[in-house]
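Please read it with the sequence and the structure open beside you.

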Amino acid sequence: MLRLFSLAMCLALTVIACKNDKKEQELLEKEAEIIEKEKKLEKESETFIEHEAAVELNPEVQLNLIYCENDSYIVRVDRLKSNDVRYMAWNKPKSTTERPDLILLDGEIEKQGSGGGYHFIFTNGHHSYIVENNLMGETMDSMGVFLKLMEGEEEVYFSKMTDLKLK
């Protein structure tokens, strides 16, 4: 009789242990689902915060001076209410509703002759970012907005831009 009771107890404990393992596995799966949902919400929250930060940049703008793009970049040059000149650039396919990839402050404005063109020059270490707004030129190809990147005295990038203010 004692053997039969011991056998029944072992069997009952085995069944209970199996049920606990199954419940533990279900809890682990639910925990993994919750962690995945938390990660997704965190990413959505970061995206929202970045969008809000980009929008927050605009209240300090007094005047947009340049708004242009090419196949690789979107560029804005703004005069801020503090009278500083700011350069912002987005690497495509990003849009201007997202956080810029590069923000440079303390730009210089150089007037180009009597034709009314301007160069906006921003320095970042050994690099200079120059946005040229050439209103007059010998040919149609020499007029418009251009983006130039200099490393020291060497030109490392040059591109004609599409002026989005004219569109």
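This is a predicted model: local features need pLDDT of at least 70, side-chain atom pairs count only at pLDDT 80 or more; totals for chains, interfaces and linings use all residues.

1. The largest pocket in it has a volume of about 150 Å³, and its lining is made up of Tyr-73, Tyr-87, Ala-89, Asn-91, Asp-101, Leu-102, Tyr-129, Leu-147, Leu-149 and Tyr-157.

2. Two or more residues of this lining come from strand 3 (85-91) and likewise from strand 8 (144-151), and strand 3 makes the greatest contribution, with three residues. Sorted by class, the lining of the largest pocket holds eight nonpolar residues, one polar and one charged.

3. The peptide bond that leads from Lys-92 to Pro-93 is cis, with an omega near 20 degrees, and Pro-93 itself lies in the loop that runs between strand 3 and strand 4 (102-104).

4. Asn-83, which is placed in the loop between strand 2 (73-80) and strand 3, has a phi near 75 degrees, a positive value in a residue that is not glycine. With a relative accessible area of 49%, Asn-83 is classed as partly exposed, because the exposed class begins over 50%.

5. Asp-106, in the loop between strand 4 and strand 5 (108-112), also has a positive phi, of about 60 degrees, although it is not a glycine. The relative accessible area of Asp-106 is 58%, so this residue counts as exposed, the cut-off being over 50%.

How values were computed
Residues are numbered from 1 along each chain as its sequence is written. Side-chain values use heavy atoms; hydrogens and water are left out. On a 1 Å grid over the protein atoms alone, a cavity is a set of points where a 1.4 Å probe fits but cannot get out, and a pocket is an open set with protein on both sides within 12 Å along at least five of seven lines; lining residues have an atom within 4 Å of a point. Grid points are joined across faces, edges and corners, and a volume is the space filled by probe spheres set on the points. Helices (H or I, at least four residues) and strands (E, at least two) are DSSP runs, numbered from the N terminus. Ala, Val, Leu, Ile, Met, Phe, Trp, Tyr, Cys and Pro count as nonpolar, Asp, Glu, Lys and Arg as charged, and the others, Gly among them, as polar. Buried means under 20% relative accessible area, exposed over 50%, partly exposed in between (1.4 Å probe, protein chains only).
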